[in-house]
Amino acid sequence: MINPMEFLLWTKGPMFDVAVAVLALGLMVRLVEIFMLGRAHNYAEARGGQLGPGLKTVVTRFVPDPGTFQRSTFDVIVGTLWHVGFIAVLLLFIPHVELIKQTFGVAWPALPNPVSDAITAVTLAGLIAGLVHRLTQPVKRFLSTPQDYLIWVVTFLPVLTGYLAYHRLIGPYPLILGAHILSVELLMIVLPFTKLTHIFTAFIARWYNGATFGRKGVQS
Amino acid sequence: MSEFTLERGLQALREEMDAPVAAFFSSCVHCGLCAQACPFFVETGDPKYTPIHKLEPLRILWENEYTLFGRIKGLIGLGERVTDAMLEQWEPLLYDSCSMCGRCSLVCPVGNDIQYMIRKTREGMVASGHSPEGLIAASVRAINTGSPMGLQWKTLEVQIRHVETATGLKVPLDQSGADYLVLLSSMEIINFPEYLEAITKIFDHAGVSWTLSQDCFEATNAGVQIGSKDVAATLVQRVVDAAVKLGVKNVISPECGHAYTAIRWEGPNAIQRSYPFKVFHIIEVLDQLRAEGRLKTGGKEMDRLSMHDPCNLARKSGVIDEQRRLMDLVAGNFVDLKEHGKFQWCCGAGGGVSSNERAEELKMAAFKRKKAQIEEVEPERMVTMCATCRTQLEEGLEEFNMDIPVVGLTEMIADHLVPKTDAR
């Protein structure tokens, strides 16, 4: 039986290297798989450009059209809330900023701890609400596969363990911090093999969408 | 058409696989928002009509053959397979409950162009022998007779004579070197003969040089609807041949949204060549004439009018402001539907649904979304610019006992032309 400190060091050392390697290699394979397929030449005379409208769609799809907002208010609010919360805490929580500074040598201002804490609580609540919605709303339940629940778990765990570690709700501290790091590594390892790839590919998908419509003179 | 087999179907799907498809499937997180964009789901509430679900056959093939993880799963005997039984089950989802209106493509948060993939998946459905009888029959008729409804030139000839008698004008036939070759749709010729009369008057009024071609009058393309590139190419080639033979600079698609996307966007790709002419929807041509001051109109319709944007014209082709500028010319009391232009709702009968008798019930269900939109603004009449939409609107409004006539924008413009002597 290894002690908590050894566990923490293992998650920060060898396991972290494994996770980074799997993420980087896996993601590269996925991107190559996509771009290798290419696109057929389009012989129809264009009415508009592709690049600009494509980039615009990449940005505008963060916000739904009014009709969709009205018809799917819960999805939009809850989905946006926990996505923003997750990313905000990932990039702006003080220890995370420190870690990024140590690893990449770049730093930016962090959020005060109480703010990060509150955002984390909201994110946790949002993720749970999202899960309940997935289990109960007819369309979501119908569409959902085991993978949808798997990616929910691997997304939820880092937030949960982070919250538990920050509040010292599970001890000893090296154990829960190690668990937090391990859960992030799990997310990184699962990412390239699941629809978590949308974190990266959604931008490609949006660009193609915007470009296809843009070529026909419609800003999608 | 040779034998249809599962393998041919899968091969057709493989030929359709491209980077956008891979990016789209990699990104779908099953949020289900596309369902709320689809009139077939919204009005039935049945989750199987969720747009992205209609693409399961294509998605499974993509995962199995175009992703490393899918291939590994396949090697160890895991993962689903696309079977004939599956395709049979999906046929009504891909045809009866989808008008390829593209609204889902505009709403998907990760940016999936779902309509683009439905069009592609239909190629596999045709090649595997899983397409609706009504659409197969329309395709066979289009190939054999030139019209999906089996309409022959002599029927059109009778109509031309009627138009000439009614207007005292000549309908030009096979005029080499004319500026515009005018195409029609069979649905229009049968249901809305007033269209031909309207453009005859308008073009005479504006001094436009135009012609019909006896070799090819049909603008619609059953191959695009059913999902057969071969049929589509054969039909498009007829238009190209007719246009080249007469040496026209422009081809005009009639008041039919489908015909416009078929010729304007899909046609050149079906024949793998650019055209030596330009393609316009009649509404674009009328708006150009308006801008050049060649449409002199007088008086306005003063009843409350609203407008239905055909999906193919607005969302899928960017013709949105043109019809509104034209409405301004002739309508004094126009009100747009709440969600219009690129976010308009489909009437329910495009994408081959109208030629698919089996889809009758779903077609009327989907119309209820349009009905609700119309009820919101309470117009006295609806205006549109697509014969299929117009037929569907008329049938739907009739079904629900709503006394709201539907008119074509082109004929409304024709009704307001001032006599040429006064126009100077």
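Guide: Gladly. Axes are lines fitted to C-alpha atoms, for helices over the stretch in contact, and angles run from 0 to 180 degrees between N-to-C directions. Helices (H or I, at least four residues) and strands (E, at least two) are DSSP runs, numbered from the N terminus. This is a predicted model, in which local features need pLDDT of at least 70, side-chain atom pairs count only at pLDDT 80 or more, and totals for chains, interfaces and linings use all residues. Residues are numbered from 1 along each chain as its sequence is written, chains are lettered from A and ligands numbered from 1 in the order in which they are written, and side-chain values use heavy atoms, with hydrogens and water left out.

Visitor: At what angle do the axes of helix 7 and helix 9 of chain A cross?

Guide: Two packed helices are described by the angle between their axes and the distance between the axes. In chain A, helix 7 (residues 113–136) and helix 9 (residues 146–166) have axes that come within 10 Å and cross at roughly 155 degrees. Angles under 35 degrees count as roughly parallel, over 145 as roughly antiparallel, 65 to 115 as roughly perpendicular and the rest as oblique. Helix 7 of chain A and helix 9 of chain A are therefore roughly antiparallel.

Visitor: Which residues meet there?

Guide: Contact means heavy atoms within 4.5 Å. Among the residues of helix 7 of chain A that meet helix 9 of chain A are A:Leu124, A:Leu127 and A:Leu131, and the helix 9 side includes A:Trp152, A:Phe156 and A:Tyr163. By class, this contact of helix 7 with helix 9 of chain A has 14 nonpolar, 4 polar and 3 charged residues (Ala, Val, Leu, Ile, Met, Phe, Trp, Tyr, Cys and Pro count as nonpolar, Asp, Glu, Lys and Arg as charged, and the others, Gly among them, as polar).

Visitor: How do helix 6 and helix 8 of chain B cross?

Guide: The axes of helix 6 (residues 84–96) and helix 8 (residues 114–127) of chain B come within 11 Å and cross at roughly 140 degrees. That makes helix 6 of chain B oblique to helix 8 of chain B. Their contact includes B:Trp90 and B:Leu94 of helix 6 and B:Ile118 and B:Met125 of helix 8.

Visitor: Is B:His416 buried or exposed?

Guide: Buried means under 20% relative accessible area, exposed over 50%, partly exposed in between (1.4 Å probe, protein chains only). At 9% relative accessibility, B:His416 counts as buried. B:His416 sits in the loop between helix 20 (409–415) and helix 21 (420–423) of chain B. Leaving aside residues up to four places away in sequence, B:His416 touches residues including B:Lys296, B:Glu301 and B:Val330.
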